[in-house]
Amino acid sequence: WLLFLLLLLLSVGVSAVEVQRPRGVPLSKRQFYEEGKPFTCLDGSRTIPFDRVNDDYCDCQDGSDEPGTAACPNGSFHCTNAGFRPTFIPSSRINDGICDCCDTTDEYNSGATCQNTCRELGRKERESLQKMAEIAKEGFLLKQQLIHEANRGLEDKKAKLGDVQGSKKDLEAKVEALRTVKEAAEQPEREAKERHLKAWEESARMAEVFLELDDDADGFVSVPELLSHSELDPDADGSFTEAEAQGLLGGVDKVDTAAFESIWSNVKEKYMSESNADTPAPEETSREEINEPVSDNESDQYPDDDIPEDEDDDDEEDEDDDRDEHEYKIPPTARTEEKKDDDEGAMPPYDQETQNLIDGKNAFKTELFNFGFGICFRNLEKEISFDFGPSSEFAYLYSQCYELTTSEYIYRLCPFNRVTQKPKFGGSETNLGSWGKWAGPEDSIYSVMKYEHGTGCWQGPSRSTTVKLTCGKETVVTSTSEPSRCEYLMEFTCPAICQEPPNLEISSHEHQEL
Amino acid sequence: TASKCDCTLKLMFLSFGTWAVDKGNFKTCEQSAFCKRQRALKPGESPYRALLETMELTNTRLTLQLINDNNKVRLLLELYRLQGNITRVKINELKPLKPRYEVPDVLIREPTTEPLSVLSQDENGVVLSLGVESQRVIISARPFRLDIMEGSDVLMSLNSRGLLAFEHLRMRKDTQADPEAEKKEEADPTTKEEEEKVEDGMWEETFKSHTDSKPNGPSAVSLDFSLPGVEHVYGIPEHADTLRLKTTDNGDPYRLYNLDVFQYELYNPMALYGSVPVMVAHSAQRTTGIFWLNAAETWVDISSNTGSSETPQTDVRWISESGIIDIFIMLGPTPKDVFSQYASLTGTQSFPPLASLGYHQCRWNYNDQEDVKSVDAGFDEHDIPYDFIWLDIEHTDGKRYFTWDPHKFATPKEMLQGLMDKKRKMVAIVDPHIKVDGNYKIHNEIRSRGFYVKNKDGGDYEGWCWPGSASYPDFTRADMRAWWASMFAYDQYEGTMENLYTWNDMNEPSVFNGPEVTMHKDATHGAWEHRDIHNLYGLYVQMATAEGLIQRSGGVERPFVLTRAFFAGSQRLGAVWTGDNAAEWGHLKISIPMCLSMGLVGISFCGADIGGFFKSPSTELLVRWYQAGAYQPFYRAHAHVDTPRREPWLFGPENTALIREAVRQRYTLLPYWYQLFYRAHVTGEPVMRPLWVEYPQDLATFALEDEYLIGRDLLVHPVVEEGARGVTAYLPGKDEVWFDVHTFQKHNGAQNLYIPVTMSSIPVFQRGGSIIPRKLRVRRSSTCMEHDPYTLYVALNLQRTADGELYIDDGHTFNYEKKEFIYRKLTFANKVLSSVNLAPDAKFTTDSWIERIIVLGASKPSKVTLKTADGQEKQLEFDFDASMSVLTVRKPGMNAGADWTMTFQ
């Protein structure tokens, strides 16, 4: 587009010869406005005498009869802007006392004193385009280097990964040994937990089904009540007979809760809850909501270099696992209530045996994760998996951080990791978002980075940051702002975004001559 | 700006996710000791008796003593007949222990009195003539009662239910060790009354953690009014409630006590930011008004016998915590008479600068100069006009008003110049709470001059507000106001220019840690308690600020000041908005009755935050709000700091186009808005008015609040329902026709018309018989349109006539007071349209001309001839659309200030 702009400027320079045409008409439309001949509105809606073109009264629906006055609400005015870029402005800006066209042609009757600034603007723009072109050129060279380095780095890392995988084998035996120990220790715990959970779940579901089946709420599930659930038909032949129902109830006409337990296995596989149809949706959302803060803290998405933190991560992972168990196994009705201890629907506490097992697990865990190699291994894997651009040109940003200090805060952008804000004069750091994705428009997806799920805002969303990348020789954060509360915007220059500049040598020479 | 909620509220929020006012922060009548005490009085047991022998009648007034037979305390009643069919009744203690507060600065002058005469008198009472139309006042002696009669009709009765109560000032029991007082008591036989029982809350009252020390003890006043024949009463804003006031028998009375209510709830009688103690009563026969001039906390009870078989009657009862009874009974008889009667007392709407009727873009906050610049550029890029961009509290240096944040707004003049280059303006907020900070010039000056409100112990009152610890200037002092005004001088308020105007927020006053988020009632303003003046504080803040803006221009330029708190008389000072509303459909809907209620009591320049202040509007709601707001007097978008950005172009091109179109409609109508404000300024008529004001006999209009009139000639029924497919508008007047302003479709009056709507629809109708001037060349600000030509919309009625006005002046100075304006009457009759000078002694010239005349409901002429003042005639070209009967006259071209006639043959 640089080239395009320059060419445009160039063409303006060349064509700056005045061509007779009504005020405000671009050269391209000159042929429609023929002096002395009736004028047909460009939308073809009507034909008017030529003296009604630019007579300060709007005759054409499309505004085409008044290209040079403000008479039509939807018209546009063409400024030639010799020496700069030609442009269209809305008709409403003609003679409003404000200089819009650099060639002053929009203010011909308003008393406004406008200076022709086109040459100056043209010069400035050419200068700045040139400067940008130079930056782009240098930046692009740097980018090539970056790509080269990135590729080499990648090979290194792949090699390293190989090494690690080698040593991994050595260590695997050790780990395996430990893992065996750990699992041996954990096995009873897990089993106990699952048993406990399953049993509780099972009886909860049974009770629920009983209540659902017991339509008349008489405390018994009867044959007629069962018959309304055709899915329970044992032979699934489409006719669920009373005899079949009786068979399911163990040969009696009705069962109470105690008896229901004994026939539960007959029913549970096929039974379809009446309320099933509507429950999943709200369940889904509530799960998401509850999960959200968890993923916020999931710094294991991006491993840090220090081991202790990684340990924490693993703790979280474990907790996550636990949580997942809860989430996917506990029946929906119990979910929201699980936080309240005294609630009837809540899962009862673990029995002592299970609790002991859970407690005992920690010792093994610590031992296992003292092995640092796993971290390094996962780091490399992770790094290799990032999208560092089509040619890995953004790879060099990885594990780097860039700061910008404003009057109040120090902003820190750690690409592919996160953005933070820290008060300049003490105070704790705020997470403005963790690496989310490339979020530029389709044609330049790598021009915008999105960091999401930062620290939550009161009454608002969690903080997020949009990082706009522009071409520059330096890699530097140039500005930050918060256009909306908790939605940050950061401008970031780096060579990796630079595009190959067109060869400008010739055209810039010609400009000198103009 | 929102008040800050306290922490408990914040927590509640998080735990329950509720979204509504915390009612517990504000008093019910039951929790307000004087209201509870007064409301407990039973009707029909009035202890008051008129002592007819004490009656004195002079040329200007009648005085008479009243005695409370229970405690022998005497009151002095004064009765005045005021010019323009107003009766004033004042009741005070005959010999108060110390003076009681009488509200100053609200009446524009001492009202002109007219003579009263005694028609008859006996031991039971006196009959006085009010001078006009067989109007009489009957004063009954036992119990005391006043009836205002016209012929044989009772227009209004006072103390007819016997609820007059006047708590006399008294010595506190435990302080009666004072020997002076005891002696006095012995000496004066009238004080040997039976001892009144001391109730809780008479000498001290605690609400939540706040104790009101009440050094003056009980001091409430109360009076009842009966309105025979009346079923509809209106006014007493500000409440988020229906236009027609409800009866209060089964709940709290309407409360008037200026409060910063966090996230107010709709449809209840709770107090809000402003108070105008004026009620308008209307029936098909007559319109009257009651103006209760008292600035203390006030409650208004309304009951009605509607539904019973008796003649309809509404009973009203006013209760105030302190001060005196000073009432103005405005006897109409038409709605417009009541408006002019009230205007004769408290003044009219200030005449705003034309630009302030344009669109205002506000947000808490535009972050810095760069932000302002880019929003400004956004309007140009998206071709949406606007006149003012606003800066909320964050623009200051640490919430120190009259300063700029040195980093974010380092070069304010540069910013203002940038706006001025585009003929646009800015408003910056100046709140009345002043940061207590020894390095802050404003604070130091106010403190050293002793201008702060004092706490009960005599020190400077301090409360918590945006800046942290803050003090509150005593705006009731004229010298304080003069000083404050001087702070707006360009050399005092650094970084300002003539295109910077002011917004007074938080002037209830809001005190985050005060009782009911406002100032302690026992704080003092010189001799008076805050209790006495509370509802007046906000008015004084705006008064001082507006004066500052006038003074800085040497008295040349009209000020523009927006206020949140207000009182009777605030209409003279600027604009009012409905405070911190929310992005909900209900809030959009209620903006109509809220502004209509204000208009009825003089405040025409009213608007609600477009889009809703709290929360984030759906795109549909935002678009509908822009459409509705385009047809309300004050048109400003505003948003809470915690909400996502919502500049008009952030919702996709389709919605940008819808918003652009709504704003453009506003701008085309600016000439009409402006002349309506001129009329409001001259006459006191509301700009935005309920239908019944123009159709006072049409019962179907009495409770309408989903549509209204702008002036007399535009009927607006905005779409305020989510997903609306259509609206049903009531078109009044069986002899009227109404023209859809968009399609020119003609509709008969006196019908409910269903109008299908799409997202682009804003149902608006022009009354047949009217002429409305518009400027169709919408530009990027109103100032850019100054010299543009007019299009006249002539809508013919069934008699094929129409009339209207055209007012033009410079749009921003007080020169109109020097008769520098154009004021013309436009008339269409007998196929002749003419423009006649309504103000021959006025002088003004304009570049504007008439570019087009559109006649709605026209028949096709064979020719149209224009005759100008110089006698020249010319034939004009025209178009006639037979399907819609619309005649468009092309480019007549005469100057808008000239005499001319146009003949349609």
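Predicted model: local features only at pLDDT ≥ 70, side-chain atom pairs only at ≥ 80, totals over all residues.

Tutor: Let's start in chain A, with A:T104, which sits in the loop between β4 (87-90) and α2 (118-213). Those labels are DSSP runs numbered from the N terminus: helices are H or I with at least four residues, strands are E with at least two. Residues are numbered from 1 along each chain as its sequence is written, chains are lettered from A and ligands numbered from 1 in the order in which they are written, and side-chain values use heavy atoms, with hydrogens and water left out.

Back to the backbone. Most residues other than glycine have a negative phi, and most peptide bonds are trans. A:T104 isn't a glycine, yet its phi is positive, about 70°. This threonine is partly exposed, at 23% relative accessible area (partly exposed falls between buried, under 20%, and exposed, over 50%, using a 1.4 Å probe and protein chains only).

Chain B has a positive phi to show as well: B:S885, near 55° and again not a glycine. You'll find B:S885 in the loop between β50 (873-881) and β51 (886-890), and it is partly exposed, with a relative accessible area of 25%.

Now for the peptide bonds. From B:W364 to B:N365 the bond is cis, with omega near 15°, and B:N365 belongs to the loop between β22 (359-361) and α5 (369-381). The bond from B:E508 to B:P509 is also cis, with omega near 0°; B:P509 is in the loop between β28 (500-504) and β29 (524-525).
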